[in-house]
Amino acid sequence: MTTRQSPPAPARAPRAPRRQETVWSAGLALAVFAAVRGAGALVITVGAWWAGRNPVRVLGGSWDSWWYLSIAAHGYGRTQMWPASDSIQSDSAFFPLFPLLVHLLGGGPVAGLVVAWTAAAAAAVGVYRVGERLLGPRAAVLLVALWASLPHAVVLGLAYTEPLLCALAAWALYALLRERWMWAASLAVLAGLTRPTGIAVAAAVSVVALREVLRGSRAPAVWAAGLLAPAGWAGYVAAVGIRRHEWLGYFTVQRQWGSRFDFGAGTVGVVDKVLTGGDVTVPVAVTVATLAAAVLLAVLLLLDRAPLALLVYTATLLVITLGGAGFFESKPRFLLPAFPLLLPLAAAMAKARPRTAVVVTACMAGLSYGYGAYLTLMAKVPL
């Protein structure tokens, strides 16, 4: 005689909608970012007041910010000559999107800071969304915290283009991961109008699109995205060439600034000087340590088999940064948009105790505050 099986136990109550969880976690990530970088801005503000300097000018009008504010106010056409060093600095070296946005807000340091801080907040959420898709909410929040605590993360609070590029790159990569081709391409175009390194975003979109084509995709969006992505970067480079009546005029401008691609010879030379006990400044030593850490994290990212879009994007940024000659101390800020490098570290921290993650982030943030204050208020080298 067989017995009837009892009916299955009722299912547990469903979890809260994933959209609500995502919004809450993204809000937490944004709050963490605001707390970390807000404290950094406060340190610089107090330091500037103590030194008798205007904090708004320090944050919104230092180094490259001055050039962007000049373009926003007067347009292109300014050239500065330094006979002692035979250097010619033209504002054509600076891409147009950031100064255009500053101009639309009325110009000046305050407008520059509004654009930069808004972009930094958008970037934090974008970084979170990429991390969440690949590692989950906990690791994604840690990814944002780590990114905000990097030594050169002070630039995320200045009127510089890195916050804008970070925002466009993060959301473009997120769109690629979701196969939103035209969104990714449109953001890549804007990234290409933001900084020279914006070409890394276009490279990621075009290479991933090419892979899909080689796999047999005939979707018009894939083809269009692959072809459209480099248009912003290529368009500005072409415009400079036309203005100067020289096809490669933009690269001439860069060489006059002392910036050129030397396949890493300059970087190797500086690293060798540091390792052999040469007389080097603090920013140079920190730059060498940052580049070494970036290379190590890139290897870990490759071994972890990250999505192709992230590999192409970070590899392009690394090649441009390591292979370029010029202002060596500025290289760490060139790598700020390379947030995918931190994915392996965020994944490892997500497995640790919460207290460990908090302590590591707090220590990194403290070092970042001290170094950021040094760079903005005391160092005599360009950020």
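Helices are DSSP runs of H or I with at least four residues, strands are E runs of at least two, and both are numbered from the N terminus. The structure is a predicted model, in which local features need pLDDT of at least 70, side-chain atom pairs count only at pLDDT 80 or more, and totals for chains, interfaces and linings use all residues. Residues are numbered from 1 along each chain as its sequence is written, and side-chain values use heavy atoms, with hydrogens and water left out.

Confidence comes before the details. The predictor's confidence in each residue is given as pLDDT, on a scale from 0 to 100. For the protein chain the mean pLDDT is 90, and 93% of the residues reach 70 or more. Over residues 1-17, however, pLDDT stays under 50, and the model has one contact beyond four places in sequence for this stretch, a contact being heavy atoms within 4.5 Å. Where pLDDT is low, the predicted coordinates should not be read in detail.

F263 is found in the loop between β3 (260-261) and α13. Its phi is about 60 degrees, a positive value although F263 is not a glycine. Most residues other than glycine have a negative phi. F263 is exposed because its relative accessible area is 74%; the classes are buried for under 20% relative accessible area, exposed for over 50%, and partly exposed in between, with a 1.4 Å probe and protein chains only. W63, in the loop between α2 (55-60) and α3 (64-74), also has a positive phi, near 50 degrees. With a relative accessible area of 38%, W63 is partly exposed.

Among the helices, α5 (residues 109-135) has 27 residues, which at 1.5 Å a residue should span 39 Å, and the 38 Å between its end C-alpha atoms agrees with this. The expected span is 1.5 Å times one less than the number of residues. Just after α5, G136 takes a positive phi of about 100 degrees.

Helix α9 (residues 199-214) packs against helix α10 (residues 220-228) at an angle of about 145 degrees, and their axes are 8 Å apart. The axes are lines fitted to C-alpha atoms, for helices over the stretch in contact, and the angles run from 0 to 180 degrees between N-to-C directions. On the α9 side the contact is made by V205, S206, A209, E212 and V213, and on the α10 side by V222, W223, A225 and G226. These residues divide into six nonpolar, two polar and one charged. Here Ala, Val, Leu, Ile, Met, Phe, Trp, Tyr, Cys and Pro count as nonpolar, Asp, Glu, Lys and Arg as charged, and the others, Gly among them, as polar.

V201 also has its place in helix α9. This residue counts as buried because its relative accessibility is 2%. Leaving aside neighbours within four places in sequence, V201 is in contact with L165, A169, A172, A188, A191 and Y313. V201 and L317 are 116 residues apart in sequence, yet their C-alpha atoms are 9.1 Å apart in space.

Helix α14 (residues 282-303) can be followed along its course. It has 22 residues and reaches 32 Å from its first C-alpha to its last, close to the 32 Å expected at 1.5 Å a residue. Its buried residues are P283, V284, T287, V288, T290, L291, A294, L297, A298 and L301. The cover over these buried residues includes α13 (265-275), α15 (308-323), α16 (331-334), α17 (343-350) and α18 (354-377). L302, also in α14, counts as exposed because its relative accessibility is 53%. L302 lies 13 residues from A315 in sequence and 9.8 Å from it in space, C-alpha to C-alpha. After α14 comes R305, whose phi is positive, near 55 degrees.

E329 is placed in the loop between β4 (324-325) and α16, and at 17% relative accessibility it counts as buried. Beyond neighbours within four places in sequence, E329 is in contact with H152, P283, V284, T287, V381 and P382. E329 and V282 are 47 residues apart in sequence and 9.5 Å apart in space, C-alpha to C-alpha.

Buried in α18 are A357, T361, A365, S368, Y369, Y371, G372, A373, L375, T376 and L377.
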